[in-house]
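Dear colleague,

A summary of the findings follows it.

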Amino acid sequence: MEAKNINITEALDYSLQLMHKPVEQEDTFSRYSPIYLAPTSNLKDMVNLFDVNKDNKSALVVGSQGGLAFELLLKGYKKIDCFDKNILQYMYFELILVAIKNLTFEGFTKFLTGNKNLFLLSDDILNHLIYHLSPMAFEYWRELQDFNFGFINIKNGLFRSDYYLDKDYLAKLSSIYNEADFLRLQKILNSKEYEIDYHICDIEDIPYEFEGNKYDLIMFDNIFQYYKSIPKLDNVAAANRFATGQINDMLNPQGFLQMAYGFYLSCTATKQNLNLPTQAYRYPNWAIVDEKKNGFIPQLLKKYPNNYKLDFIPGVEEGKTENVVLSRQKHL
């Protein structure tokens, strides 16, 4: 379903229900789930792993708050399709998009970063941006604003606020929090020499939702961290068939699939399985053992080691850590 076909009344009803709930402590996913306010993966270093040297590059990526799409625009991509099963996440994507196009860097970071206990969508900033939104997103944010007496505090169940939102921290993960890149992206977005389409769909429905499309790069970010909650892809054999079959067919020759992203625990378990040196453990041994047994990347590599490539990049966790990226390239 294209995002423009969202049922706005239903989206508002679910949003108001979530606002009356406490902040979610575990990640759960549905059509109406709490909103991620910022990236949780190291997007900058992950995107840099894939060198597509051609004009008119195209990509299919997880939509979320737009982080991957924005990184790829900065890399020269002209056509980007986004997918996400969470309708409310799309509403936030529109807000981020118009914020980059219309705010100064100082205004953007003041609006969209900060101490997680103080962060809120204020009346002033929403009034400045809201008239740049699509009619659907305008109605959504205006109704939420009116319901909350002029501002929207994120300390409720509508937002996933149990993550770092500090500007300097986020600048390590995503280019939009760096002033020079922000200004360059703002120029690209206001030039309108690009196309971003956002669809609401589950990952297993991608081959049908985007049927007939071909891409130079497809990125799933860390979706497969939760593979056991994806009905048709809840085991590594099914996920491997999906990647090497239907998704491989959607790639242009020499195109890349970024299949999975693993945080520090997954990285440690993967390195131990491969007898690679690891950093000092931050997790109890039982957690590492469980990740080796049930974690997506360790299990996929155990069964299909020749189908995928591993890269280690700086981790998102505090201190000196590594994260792991699992990918494959289409070869004819």
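**Findings from the predicted model**

Q258 is located in strand β9, which spans residues 251-262. The model is a predicted one. With a relative accessibility of 0%, Q258 falls under the 20% cut-off and therefore counts as buried. Leaving aside residues up to four places away in sequence, the contacts of Q258 are M46, F50, I218, M219, F220, D221, V325, L326 and S327.

Strand β9 also takes part in covering helix α14, which comprises residues 296-303. Six of the eight residues of α14 are buried, and the helix is thus mostly covered. The buried residues are F296, I297, P298, Q299, L300 and L301. Besides β9, the elements that cover them include α11 (236-249), α12 (264-273), α13 (285-294), β10 (309-314) and β11 (322-329).

**Nonpolar cores**

The largest nonpolar core has 80 residues, and within it F70, Y140 and W141 touch the most other members. Helix α4 (residues 87-102) supplies the largest share of this core, namely twelve residues. A second, separate core consists of 32 residues, among them F210, A239, C267 and L301.

As for F70, its contacts are Q65, F93, I96, L97, I100, I176, L185 and L189, again not counting residues up to four places away in sequence.

**The second largest pocket**

In total, 18 residues line the pocket, and Y90, F93, E94, L97 and I196 lie nearest its centre. Elements giving two or more residues to the lining are α4 and β7 (195-200).

**Cysteines**

How many disulfides does a search of the whole structure find? The search finds zero. C82 is in no disulfide, and the nearest cysteine sulfur, which belongs to C201, is 11 Å away. Is C82 buried or exposed? Its relative accessible area is 0%, so C82 is buried. C267, a member of the second core, is likewise buried, because its relative accessible area is 2%, under the 20% cut-off.

With kind regards

Terms used: Residues are numbered from 1 along each chain as its sequence is written. This is a predicted model: local features need pLDDT of at least 70, side-chain atom pairs count only at pLDDT 80 or more; totals for chains, interfaces and linings use all residues. Side-chain values use heavy atoms; hydrogens and water are left out. A nonpolar core is a set of buried Ala, Val, Leu, Ile, Met, Phe, Trp, Tyr and Cys residues joined through side-chain atoms within 4.5 Å. Buried means under 20% relative accessible area, exposed over 50%, partly exposed in between (1.4 Å probe, protein chains only). Helices (H or I, at least four residues) and strands (E, at least two) are DSSP runs, numbered from the N terminus. Contact means heavy atoms within 4.5 Å. On a 1 Å grid over the protein atoms alone, a cavity is a set of points where a 1.4 Å probe fits but cannot get out, and a pocket is an open set with protein on both sides within 12 Å along at least five of seven lines; lining residues have an atom within 4 Å of a point. A disulfide is a pair of cysteine sulfur atoms within 2.5 Å.
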